[in-house]
Amino acid sequence: MSATRLRIGFIPLVDAASIIVAADHGFAADRGLSIELLREVSWSNVRDKLNIGLFDAAHLLSPVAIASSLGIGHVRVPIISPFNLALNGNAITLSPGLFAALANVADGDIAHPLVSARALAKIIAQRKARGAEPLNFGMTFPFSNHNYQLRFWMAAGGIDPDEDVRLVVLPPPYMVDSLANGQVDGFCVGAPWNSVAVESGFGRILHFSCAIMARTSEKVLAVREPWANANPETLAALLQALTDAGNFISDSANQHAVAVSLSRRFDVDAEVIARTLAGNLKLATDGAERSDRRYLMISGPDANRPDPVQAAWLYAQIARWQQAPLSDEMRIAAQAVFRSDIYDAAIGAAPSKPEPFDGVGAFVGPQFDADDVAGYVASWRGKHEPALPMRVVR
């Protein structure tokens, strides 16, 4: 019996590991699947090719799946996510010059996001006073955690991210060159590109994204809802292959083999990827390191089962930054994108109660309540929110 062929799009990021390992290490074949991996450079390409059917499935930014299903920022195409590919995994990286400037004016340890955000606000005020151009920060897409994490961090320090800085959309592989060329002063992106910036001497990691929010759905396996309805057995087999691959990745004995597979796909040194998988990153060329078990969570039901609380949180960020109206109907539609029922039918593994207690664990602000997104967003109004819809430099 011939294998079912699937075309899956991906961006060269470590949180695509389960898809790549499933294809490269035989887990897809064991489930009767033949995966053709299509590497893309931008999230708009991945979204568009998935939406029009050139891809059967895709490695996709979690907020993009929601935005597509809600019909915001693009034509409405119903996308579902029956598998979460990764929690967390991003980092905020600055040029060495900006990092040194923050350290010089900080009132405390800039390893704490509130201290660093307030220090950045001081730098911005100083630049305004002398008539300097705003600082530029790169992020990967308007509907992305990179965008929301930068905004959340900045706003906590009293910065209006729509007035006080420029947020620039850049594909992940272009972040390091943009920092090296002085086109941006910092960025938020996923692994391995923060580490590549450090290794090249052009960047200094300031914060892991899990220091901003302890638990965030970063990437999902995305499929069109009509395709999922027409191909339930194939989709279940794909979820099982991804679970098998995740189990393989989680075994430290396989770390080198996984790093080599990803290195070949990304054209990035395998050692950089191995440190990412271990959650132990170099912060700077001086040898400083940081480890965090939450840095990037790829496998296990706690990481892979789609969580409706996470979908509500992402919708809350979309609404907070005025990318979409705020309504219970849209919140319910956003949560319907994360299909835990399909995951449960295919995998059958029950997750433990998520930590932190509200399912998100943001470093500042009110506790998140997925049933009261309106109240959560209202609690931020007047706290450095933009007066006009969000503007993003493309």
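Here are legends for a handful of close-up views of this predicted model.

**View 1. Helices H1 and H11 cross at about 100°.**
This one shows H1, running over residues 17-24, packed on H11, which covers residues 232-250. Their axes sit 8 Å apart, and with an angle between 65 and 115 degrees counting as roughly perpendicular, that is how H1 and H11 are described here. On the H1 side, look for Ala17, Ser18, Ile19, Val21 and Ala22. Facing them from H11 are Ala241, Leu242, Ala245, Gly246, Phe248 and Ile249. Sort the contact of H1 with H11 by class and you get nine nonpolar residues, two polar ones and no charged ones.

**View 2. Helices H5 and H6 pack at about 105°.**
Here H5 (residues 96-105) meets H6 (residues 113-129), with 9 Å between the two axes. H5 is therefore roughly perpendicular to H6. H5 brings Leu98, Ala101, Leu102 and Val105 to the contact, while H6 brings Ser116, Ala119, Leu120, Lys122, Ile123 and Gln126.

**View 3. Thr140 sits in the loop between strand E6 and helix H7.**
E6 spans 135-139 and H7 spans 145-156, with Thr140 in the loop that links them. Is Thr140 buried or exposed? Its relative accessible area is 3%, and under 20% counts as buried, so Thr140 is buried. The side chain of Thr140 makes a polar contact of 2.7 Å with the side chain of His146.

**View 4. Helix H7 is mostly covered.**
H7 has twelve residues, and eleven of them are buried. The buried ones are Asn145, His146, Asn147, Tyr148, Gln149, Leu150, Arg151, Phe152, Trp153, Met154 and Ala155. From first C-alpha to last, H7 reaches 16 Å, close to the 16 Å expected at 1.5 Å a residue. After the helix comes Gly158, with a positive phi near 90°.

**View 5. Helix H13 packs its buried residues against helices and strands.**
Within H13 (residues 270-278), the buried residues are Ala270, Val272, Ile273, Ala274, Arg275 and Thr276. What do they pack against? The partners are helix H9 (193-200), helix H12 (255-266), strand E11 (280-282) and strand E13 (296-297). At the start of H13, a side-chain oxygen of Asp269 comes to within 2.9 Å of the backbone nitrogen of Glu271. Just past the other end, Gly279 has a positive phi of about 70°.

**View 6. Asp267 has a positive phi in the loop between H12 and H13.**
Phi of Asp267 is near 60°, and this residue is not a glycine. Asp267 is found in the loop between H12 and H13. With a relative accessibility of 65%, Asp267 counts as exposed.

**View 7. Gln322 also shows a positive phi.**
For Gln322, phi is near 60°, again in a residue other than glycine. The residue belongs to the loop between helix H15 (308-320) and helix H16 (328-335). Gln322 comes in at 29% relative accessibility, so it counts as partly exposed.

**View 8. Ala191 and Pro192 are joined by a cis peptide bond.**
Check omega for this bond: the value is about 15°. Pro192 lies in the loop between strand E8 (186-190) and H9.

**View 9. Val41 lies in the loop between strand E2 and helix H3.**
E2 covers 33-39 and H3 covers 43-51, with Val41 in the loop between them. Val41 has a relative accessibility of 29% and counts as partly exposed. Leaving out neighbours within four places in sequence, Val41 is in contact with Ile11, Pro171, Pro172, Pro173 and Tyr174. To place this view relative to Ser116, note that Val41 and Ser116 are 75 residues apart in sequence and 31 Å apart in space, C-alpha to C-alpha.

Key:
Residues are numbered from 1 along each chain as its sequence is written. This is a predicted model: local features need pLDDT of at least 70, side-chain atom pairs count only at pLDDT 80 or more; totals for chains, interfaces and linings use all residues. Side-chain values use heavy atoms; hydrogens and water are left out. Axes are lines fitted to C-alpha atoms, for helices over the stretch in contact, and angles run from 0 to 180 degrees between N-to-C directions. Helices (H or I, at least four residues) and strands (E, at least two) are DSSP runs, numbered from the N terminus. Angles under 35 degrees count as roughly parallel, over 145 as roughly antiparallel, 65 to 115 as roughly perpendicular and the rest as oblique. Contact means heavy atoms within 4.5 Å. Ala, Val, Leu, Ile, Met, Phe, Trp, Tyr, Cys and Pro count as nonpolar, Asp, Glu, Lys and Arg as charged, and the others, Gly among them, as polar. Buried means under 20% relative accessible area, exposed over 50%, partly exposed in between (1.4 Å probe, protein chains only). A polar contact is a pair of N or O atoms within 3.5 Å; within protein, one must be able to donate a hydrogen and the other to accept it, and residues adjacent in sequence count only if both atoms are side-chain atoms. The expected span of a helix is 1.5 Å times one less than its number of residues.
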